[in-house]
Amino acid sequence: MSAISLAESESTVATLRAVRRGVRRRQLLLLLGLSALVVALFLTRALLGDYRVSFVDGIRMISGTTIPGASFIFMESTLPRACMSVLAGAAFASAGAAFQSMLRNPLASPDVLGINLGASAAAVFAVVLLGWTGMPVALVAFAGAVAVAVTIHGFAGRGGAATGRMILVGVGLAAVLSSVVHWVLLRADIYRAQDALVWLTGSLGSVSWGEIARLGVVVLVGLPLLTIVTRQLGVLGLGDDLAAGLGVRAHRLRILITALVVLLTASATAVCGPIAFVGFLSGPIARRLTRGRTSIPAAALVGAAMVLAADYVSAYANPGTAYPVGVVTGLAGAPVLVWLLIAGRRSIQEK
């Protein structure tokens with residue numbers, strides 16, 4: 001190799017390293033910015049509620065000090081809702097981003113493919129027709145999401161066309177489950193229907209510290225694992241045969257990612273019901289912020305910020321009337337979806 005060729009190779013390697021360092025720096029700054037936003041929204045939701053609490057008093061109450069009038073509201077209402085907003089938002093968002101990346105389709109989020117709806121349908125059936133409440137309903141909701149995911153994979157089969165079949169099967173199951181939910185609600189009295197409402201819209205109004213602890217464990221375990229395994233998804237874009245040649249077993253990878261997605265989605269849905277548009281929009285928003293890259297941590301932070309902001313608006317936008325958080329995310333999600341479609345179309349035209 002000539003001296004000129006060697007110099008050109010070294011220059012190319014140095015340029016690639018500089019580009020990678022720049023990308024990593026931008027990703028780190030983005031994650032730090034999103035983390036700061038989540039912290040600010042968390043403090044706003046926890047401290048600026050029905051009873052405004054200073055940061056110092058909040059720390060005192062967490063450490064065990066009782067402040068008459070403030071301790072109950074802070075420790076049993078605003079702080080638990082803020083914690084659950086972060087956990088549920090991160091769970092839904094990371095699961096949605098992973099599923100969209102795996103299936104290479106921005107519409108392929110768990111709520112669109114019926115996984116969330118499987119949990120909702122099972123919970124509504126248990127509440128309305130069986131009269132169950134509490135933990136049994138949460139377990140049934142979890143089982144419903146798992147059953148839908150197993151059905152999707154069972155009908156999708158193997159091979160390069162598996163991702164397309166998964167989307168078709170999921171959309172079909174979502175339509176069937178939606179009909180089941182409506183049929184069950186038609187048979188319910190007004191009180192049972194009201195109890196089942198949380199499983200259709202999503203609400204943080206009655207979360208407990210035990211539920212927060214359980215979902216926290218799931219998120220702390222599932223989110224890092226999902227971040228690690230989704231790094232291999234780029235290889236699947238080359239096709240299953242070539243991926244196998246590179247040492248990646250496509251079918252096993254899809255099953256593993258689906259299992260983690262179901263774990264996060266079902267666990268969050270079993271606690272607070274399906275929160276509309278969080279899993280669907282967080283991934284596309286995060287990809288725009290990361291310039292087309294799939295970043296599970298960025299999507300999780302975007303989802304946490306969305307749910308925190310939506311929960312604060314749902315509680316205080318209309319004084320005297322609190323709305324389920326899923327109503328606010330649903331109303332806000334449609335304009336954001338339109339904006340993403342328009343922005344995506346413009347970027348395509350510019351290219």
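These notebook entries record what I looked up in one predicted structure.

**Entry 1: Ground rules.** I noted that the model is predicted, that local features need pLDDT of at least 70, that side-chain atom pairs count only at pLDDT 80 or more, and that totals for chains, interfaces and linings use all residues. Residues are numbered from 1 along each chain as its sequence is written, and side-chain values use heavy atoms, with hydrogens and water left out.

**Entry 2: The whole chain.** I found 15 helices and zero strands in the chain. Both are DSSP runs numbered from the N terminus: helices are H or I with at least four residues, strands are E with at least two. Of the 351 residues, 44% count as buried; buried means under 20% relative accessible area, exposed over 50%, and partly exposed in between, with a 1.4 Å probe and protein chains only. I then looked up contacts (heavy atoms within 4.5 Å). Among those between residues at least 6 apart in sequence, 76% join residues at least 24 apart.

**Entry 3: Helix 3 and helix 14.** I examined how helix 3 (residues 71–103) packs with helix 14 (residues 296–316): the angle is about 140° and the axes are 7 Å apart. Axes are lines fitted to C-alpha atoms, for helices over the stretch in contact, and angles run from 0 to 180 degrees between N-to-C directions. Helix 3 is therefore oblique to helix 14; under 35 degrees counts as roughly parallel, over 145 as roughly antiparallel, 65 to 115 as roughly perpendicular, and the rest as oblique. Residues of helix 3 in this contact include Ser 85, Gly 89 and Ala 93, and those of helix 14 include Ala 300, Gly 303 and Val 307. By class, the contact has 13 nonpolar, six polar and two charged residues. Ala, Val, Leu, Ile, Met, Phe, Trp, Tyr, Cys and Pro count as nonpolar, Asp, Glu, Lys and Arg as charged, and the others, Gly among them, as polar.

**Entry 4: Phi angles.** Most residues other than glycine have a negative phi. I noted Arg 104, not a glycine, with a positive phi of about 50°. Arg 104 lies in the loop between helix 3 and helix 4 (115–128) and is partly exposed, at 48% relative accessible area. Phe 277, also not a glycine, has a positive phi of about 70°. Phe 277 sits in the loop between helix 12 (250–272) and helix 13 (278–289). At 21% relative accessibility, Phe 277 counts as partly exposed.
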